[in-house]
Amino acid sequence: MFDGLKDKLGSFRDDVEEEVEEKEAEAEAEADAAEAEADDDEPSTPAAAPDRESSDEEDDDGGPGRLRQAAALATGRVIIEEEDLEEPLWSLEMALLESDVEMSVAEEILDAVREQLIGESRKQVDTTAELVEDALHDALVDVISVGQFDFEQRIAEADKPVTIVFTGVNGVGKTTSIAKMSEWLGQRGYSSVLANGDTYRAGANEQIEKHAENVGRKVISHEQGGDPAAVIYDGVEYAEANDVDVVLGDTAGRLHTSNDLMTQLEKIHRVVDPEMTLFVDEAVAGQDAVERAKEFDDAAEIDGTVLTKADADSSGGAAISIAHVTGKPVLFLGTGQGYDDIRAFDPEALVDELLADEE
């Protein structure tokens with residue numbers, strides 16, 4: 001998963017290592033030249049000891065003096081300077097943008113990597129790739145982890161029944177994700193009921209009822225054209241009467257520009273007061289998913305995101321960007337067609353996957 005971005009991050013690591021290795025070779029050559037010159041100029045009689053302060057002075061061009069370079073090599077260390085990162089960082093920025101990482105997110109990643117690497121003195125026994133990987137790891141985790149919380153713990157600690165409303169545009173897999181979530185909860189010992197608040201789309205009742213049948217769950221629905229808030233409220237009433245742990249409420253696919261639908265979503269919040277509102281979109285939607293996440297968060301105050309079709313996303317930019325631009329976490333990834341094909345989003349695991357070397 002996310003092979004495209006993984007390849008580009010690997011290229012960045014290789015570029016930095018090449019730049020620093022060239023710098024090391026140049027410094028070693030200059031140090032050798034300085035040593036040879038010192039041997040040629042060695043006086044036959046003892047000379048006065050040189051002033052220590054003057055030996056550490058910089059050359060006229062502002063760079064480190066030859067003796068300092070020799071000392072750096074003798075101690076097995078190298079300093080990474082901004083010029084060493086200029087070209088690789090530019091390549092990294094292009095790689096992130098091409099992978100659908102949002103501009104401000106890419107810039108924050110670059111700034112973090114730059115801050116961690118520039119001026120870094122490393123032992124030559126450590127590879128530059130390891131140093132760069134550490135910087136990339138920290139920067140990516142910081143960006144992706146914004147707003148992250150333990151979903152299962154929140155379910156466990158909340159008063160029952162817990163109501164979760166799913167929202168997003170048409171055709172991104174909301175209803176299928178609800179069925180997958182019901183299965184995920186069931187595997188962890190939580191009962192659930194599905195409530196079809198998508199009362200306007202023809203065939204919506206049949207679709208959710210089929211999913212409910214496949215996973216062995218009860219579904220609450222009204223006639224087409226009914227009040228979405230009333231349907232989800234009935235789902236809560238059913239859950240309370242039957243000791244069901246979680247109500248999973250579907251809603252009509254909507255755009256932020258559809259005032260009527262957004263008003264209905266606001267009514268659901270007033271009537272039901274859900275524990276969580278989850279935004280659903282496709283990982284393959286890239287920048288469109290990022291923009292919609294921002295818009296839905298503004299309109300509906302989402303608590304987190306479920307990204308479908310993550311198994312088909314070779315770039316990974318949406319997963320990296322959405323949490324950062326909304327301040328709300330990506331919580332789950334849909335990774336296939338089966339009801340078991342959903343996994344909790346783990347920022348550390350994703351970054352480890354992105355930075356892992358191919359065997």
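**View 1. Asp243 in the loop between H10 and S6 of the predicted model.** Asp243 sits between helix H10 (228-241) and strand S6 (246-251). Its phi is positive, about 55°, although Asp243 is not a glycine. The relative accessibility of Asp243 is 66%; the cut-off for exposed is over 50%, so the residue counts as exposed.

**View 2. Asp273 in the loop between H11 and S7.** This loop joins helix H11 (259-272) to strand S7 (276-282). Asp273 is a residue other than glycine, yet its phi is positive, near 50°. Asp273 counts as exposed because its relative accessibility is 61%, with the cut-off at over 50%.

**View 3. The cis peptide bond from Lys160 to Pro161.** Omega is near 0° for this bond. Pro161 belongs to the loop between helix H7 (151-157) and strand S3 (162-167).

**View 4. Strand S3 and its buried side chains.** Of the 6 residues of S3, 6 are buried, so the strand is largely enclosed by the rest of the structure. Buried here means under 20% relative accessible area. In a regular strand, side chains alternate between the two faces of the sheet. In S3, Val162, Ile164 and Phe166 point one way. Thr163, Val165 and Thr167 point the other way. Both sets are buried.

**View 5. S3 paired with S6 and with S7.** S3 runs parallel to S6, and the two strands pair over 4 bridges. Ile164 and Val165 point opposite ways from S3, and both are buried.

**View 6. Helix H14, its buried face and its N-terminal cap.** H14 covers residues 347-355. Which residues of H14 are buried? They are Pro347, Leu350, Val351, Leu354 and Leu355. Seen down the axis of H14, these buried residues fall within an arc of 125°, so they line one face of the helix. An α-helix has 3.6 residues a turn, so residues three or four places apart point the same way. Asp346 caps the N-terminal end of H14. A side-chain oxygen of Asp346 lies 3.1 Å from the backbone nitrogen of Glu348.

Notes: Residues are numbered from 1 along each chain as its sequence is written. This is a predicted model: local features need pLDDT of at least 70, side-chain atom pairs count only at pLDDT 80 or more; totals for chains, interfaces and linings use all residues. Side-chain values use heavy atoms; hydrogens and water are left out. Buried means under 20% relative accessible area, exposed over 50%, partly exposed in between (1.4 Å probe, protein chains only). The arc is that of the directions from the helix axis to the C-beta atoms. A polar contact is a pair of N or O atoms within 3.5 Å; within protein, one must be able to donate a hydrogen and the other to accept it, and residues adjacent in sequence count only if both atoms are side-chain atoms. Two strands pair if DSSP finds at least two bridges between them.
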